[in-house]
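Work through these exercises with the structure open beside you. Try each task before reading its solution.

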Amino acid sequence: MSSTNTRLNPPPPNDDAPDSAPPPAERTGTQELTGNRESTATRLTGPMGLGRAEATSTLIAPLEAGELPNVAAIKGLRLDQVLLLTTGVLVVAIVGLLAALSVASTQSQFEETALRSKDRIQDQARELGQTVGQTIALTSATNLRDNNYAFLEEVAGSIVKTNPNILRVQIFDPDGVRMADSEKGTEKEAAGNSPARVAERRLVSAFYQGQPISEIQEPIDYGSSSGKGLVVISYSLGGLQKQLAALEEDKRDTVRANTMRMLGLGLGFVVLAGALVAFQSRRITRPLGMLTGKVMQLAAGDLGARAGTARGAGREVVTLGVVFNHMAERIKVLLDDVRAKAQLEREVSLARTVQETLLPGRDAVQVGPVRIAGLVVTADACGGDWWFRASLDAQRVVIGIGDVTGHGLSTALVATSATSGFASAMTLREPSQVSAQLLITSLNVTLANVGRGEHQMSSALAILDVSNGHIDYAAGAHPSPLVFNRNSGQVASLPARGPLLGANVSSQFTSRQAQLRPGDVVVWYTDGLTEARDAAGKLYGTQRLAAAVQANAHLSAEALRDALLADARAFSAGQPQRDDITVVVAEFSPVA
């Protein structure tokens, strides 16, 4: 194994990713929630980016049957009662509507018949009156000129006798004086005593002897210089009244018969509909009741409750049973998953506790003129990043940092094993024989045996002599640490090349040496810091990191560490943390 002495080299002028490390493997794994214990492997508080996610250590307990609802206290009608009631109301409403339509139709038909009868009788009366009037006018013209009133009264009386619907016949001269009347013993009226009558053809409604009549007036032209006479025939409407009364009685009888018929029909419909509804509602509500019982069993904690096939209950009820069975099966699977997840959370919590125990604390450590502070900010419950510091002897301090590919429990276990292997490697030989090359080679062998080639890790190791600032360092595919001198303001790096650890047990590594100057600040970091992205997808990069180191180099080691993490968090505000971030700061400040 060989080692090489080198000077502190400045970092590449425009390099967003370390030139000594290949592209980082894609981080994978299931994010697990853990407790919010304060430790080195903890998330920084913040709303986004590197912000701390809300964490919990609550484990979901298995399903327990609580107090079941009192379904007996639920008020209201049952489904079969609702169906029966609504069906009965609907049938009654339909039958009532049909009955009302039947009554209205019957009344309309009878009123139309009565109107036609009335019009027909009035037309008959008008035709008869006109015929009789014209006949009397023709036969009475000569007798009116000769003032033969006795003959006129005989004619009027014979017309009344031969036609029972004609109650009275009167003949008037042009002056309105009644010259003849079928009523015997009626005296002739003098001019001016009789009501004024116009000698024209007309039909007038009136009453005679307490019964309605139609007065048919027909003028008589018998050559009088005074004008025309007038024949008035009183036609009885008694027959019409009898027909209308008979029609009214028939209407009442028909309406009464139709009403009784509709009532009987409606009652029959109600009984038939009630029987059908009771039968069908029983077929529907019985499976629903059985399904309700299964739901109560499931609510009580019986995960084996399943609904049977509801035959004849309708597609919706059958579908409801199928969906319930599917839901019950899914609940069982989900609860099994919850139990498994709870067990996994307990294991992750234990792994995190072990990991936190092995990692250094958050507080800075002062070893002579060297002050060291580091912090791991995990992206998941358990991270794949780690760092280590320990005293090798009275003058030398060992500092290590690593990044295991992937996320989750397996990665955390590999990182924990690497940390343990790193600590064990220092005890294998005498402190004087321990070098950075030996440590990184031993770490590679340990990781290759533990991970069996499935897990690789980038790592950087350094042995710092606090008495003179001499540093022996080595790396395997890890970003080169930055070195900033507070006195001169110069930025440099500690470059070292090597393969990923854990890929091959026979991988070769070399170490290098450098000399720190008073005021030098060394910053080790994992690629999760420089590969943090903003909203536009831009990388944080080594240039911004160097600028942040330069701007905050006057701070103490722990304050500079926190300032770098805060700057990265502000840069990636609003974006989720994609990878674990580890920052380790060592400041060399010997007394002048």
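**Exercise 1.** Find which residues of helix α8 are buried, and what they pack against.

*Solution.* Start with the terms. Helices (H or I, at least four residues) and strands (E, at least two) are DSSP runs, numbered from the N terminus. Buried means under 20% relative accessible area, exposed over 50%, partly exposed in between (1.4 Å probe, protein chains only). In α8, the buried residues are Gly 541, Thr 542, Leu 545, Ala 546, Ala 548 and Val 549. An α-helix has 3.6 residues a turn, so residues three or four places apart point the same way. Next, look for partners.

The model is predicted: local features need pLDDT of at least 70, side-chain atom pairs count only at pLDDT 80 or more, and totals for chains, interfaces and linings use all residues. Residues are numbered from 1 along each chain as its sequence is written, and side-chain values use heavy atoms, with hydrogens and water left out.

**Exercise 2.** Give the strand order of the open six-stranded sheet, and say which strands stand at its edges.

*Solution.* Strands of a sheet pair through backbone hydrogen bonds, either parallel or antiparallel. Here two strands pair if DSSP finds at least two bridges between them. The order is β7-β8-β17-β16-β13-β14, and the pairing is antiparallel. The edges are β7 (365–367) and β14 (491–493); each has a single partner strand, so one side of each lacks a neighbour in the sheet. From one strand to the next, the twist averages 20°.

Now zoom in on one pair. β13 (residues 482–485) joins β14 through three bridges, in the antiparallel sense. Val 483 has Ala 492 in β14 as its bridge partner.

**Exercise 3.** Find which strands helices α8 and α9 lie against, and at what angles they run.

*Solution.* Contact means heavy atoms within 4.5 Å. Axes are lines fitted to C-alpha atoms, for helices over the stretch in contact, and angles run from 0 to 180 degrees between N-to-C directions. Take α8 (residues 541–551): this helix touches β13, β14 and β16 (520–525), and its direction makes about 30° with that of β13. Then take α9 (residues 557–571). Helix α9 lies across β8 (370–377), β16 and β17 (581–588), at about 30° to β8.

**Exercise 4.** Which residues touch the most other members of the largest nonpolar core?

*Solution.* A nonpolar core is a set of buried Ala, Val, Leu, Ile, Met, Phe, Trp, Tyr and Cys residues joined through side-chain atoms within 4.5 Å. The largest one has 51 residues; Ile 372, Trp 386, Leu 439, Met 457, Ile 471 and Trp 524 touch the most other members. Follow Trp 524. Beyond four places in sequence, its contacts include Ile 399, Ala 460, Pro 481 and Val 584. A second, separate core has 26 residues, among them Val 377, Leu 482, Val 523 and Ala 548.

**Exercise 5.** Where does Ala 477 lie, and is this residue buried or exposed?

*Solution.* Ala 477 sits in the loop between β12 (470–476) and β13. Its phi is positive, about 55°, although Ala 477 is not a glycine. Its relative accessibility is 5%, so Ala 477 counts as buried.

**Exercise 6.** How many helices and strands does the protein have, and what share of its residues is buried?

*Solution.* Count nine helices and 17 strands. Of the 592 residues, 43% count as buried.
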